[in-house]
Amino acid sequence: KQIGTIGYRLRWKQKGRARQEWYDIVVRPETTMAELDRLVCRMSTLDDFHLRMYGLEDEYLDSSLKVLPDYQYEEAGDRTYTRASEMTVADVAERARLREGDRLSLVYDFGTPSYYYCIVKDIYEPEKLDKVLDDNNVITSTDTAAIVTEKRP
């Protein structure tokens, strides 16, 4: 019922390194997966030389979302995939009925894959979301999302 009005704090981690390093990204419902992808790549230093795809829970290569960054979508030439700029966090939330504790997944490099995932750590009402994103202590931000906390080795 609230999907499309609430925001999320997503804790992104790499499988196998979850205790050593993580990043909390706060997103508005209108944040596109392309915008989220830019922040995930920034925190994880992923490059654009290998394919990456977003999905639900532990789907990874078997993603039901099949969200690719825009330039990779063009290169793939397969219209069963979804362009990251055409899907918002609200779209994903509606499809998955996101709640605290739910997960999203990211696979990087389909040949020798690295697996990333996020856990929905918090759900924010609009007023709280504005306060979190307007905080001057954010690490980096876009128009509708921000990396707000991190743990690094």
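Contact means heavy atoms within 4.5 Å. The views below show a predicted model, in which local features need pLDDT of at least 70, side-chain atom pairs count only at pLDDT 80 or more, and totals for chains, interfaces and linings use all residues. Residues are numbered from 1 along each chain as its sequence is written, and side-chain values use heavy atoms, with hydrogens and water left out.

**View 1. Pro113 and its contacts.** Neighbours within four places in sequence are set aside here. Pro113 is then in contact with Leu61, Val107 and Tyr108. Pro113 and Leu61 are 52 residues apart in sequence. In space, their C-alpha atoms are 8.8 Å apart. Pro113 belongs to the loop between β6 and β7. Strands (E, at least two residues) and helices (H or I, at least four) are DSSP runs, numbered from the N terminus. With a relative accessibility of 28%, Pro113 is partly exposed. The scale used throughout is this: buried is under 20% relative accessible area, exposed is over 50%, and partly exposed is in between (1.4 Å probe, protein chains only).

**View 2. Strand β6 and its two partners.** Strand β6 covers residues 103–108. Five of its six residues are buried, so β6 is largely enclosed by the rest of the structure. Two strands pair if DSSP finds at least two bridges between them. Strand β3 (residues 52–56) pairs with β6 in the antiparallel sense, over five bridges. Here Gly55 stands opposite Ser105 of β6. Strand β7 (residues 114–124) also pairs with β6 in the antiparallel sense, over six bridges. In this pairing, Leu104 has Cys118 of β7 as its bridge partner. In a regular strand, side chains alternate between the two faces of the sheet.

**View 3. The turn between β6 and β7.** These two strands form a hairpin, with five residues between them. Asp109 lies in the turn and has a positive phi of about 70 degrees.

View 4. Rings of Phe, Tyr and Trp (its six-membered ring) pair if their centres lie within 6.5 Å. Planes under 30 degrees apart count as stacked, over 60 as edge-to-face and the rest as tilted. By this rule there are two aromatic pairs. In one of them, the ring centres of Trp12 and Tyr54 are 6.0 Å apart. Their planes stand at 90 degrees, so the pair is edge-to-face. This pair links distant parts of the chain: Trp12 is in strand β1 (residues 7–14) and Tyr54 in strand β3, 42 residues apart. Trp12 is buried, at 1% relative accessible area. Tyr54 is buried too, at 2%.

**View 5. Tyr60 and Tyr115, another aromatic pair.** The rings of Tyr60 and Tyr115 lie 4.7 Å apart, centre to centre. With 70 degrees between the planes, they are edge-to-face. Distant parts of the chain are linked here as well: Tyr60 is in the loop between β3 and β4 (67–68), Tyr115 in strand β7, and 55 residues separate them. Tyr60 is buried at 6% relative accessibility, whereas Tyr115 is partly exposed at 30%.

View 6. Glu57 is partly exposed, with a relative accessible area of 37%. Tyr60 is placed in the loop between β3 and β4 as well. Tyr60 is not a glycine either, yet has a positive phi of about 45 degrees.

**View 7. Charges over rings.** A charge sits over a ring if NZ of Lys or CZ of Arg is within 6 Å of the ring centre and within 35 degrees of the ring normal. The charged end of Arg11 sits over the ring of Trp22, 3.6 Å from the centre. Lys66 lies over the face of Tyr81, with 4.7 Å to the ring centre.

**View 8. Cys41 and Cys118, without a disulfide.** A disulfide is a pair of cysteine sulfur atoms within 2.5 Å. The structure holds zero disulfides. Cys41 is in none; the nearest cysteine sulfur, that of Cys118, is 14 Å away. Cys118 is likewise in no disulfide, and the nearest cysteine sulfur to Cys118 is that of Cys41. Cys41 is buried at 11% relative accessibility. Cys118 is buried at 0%.
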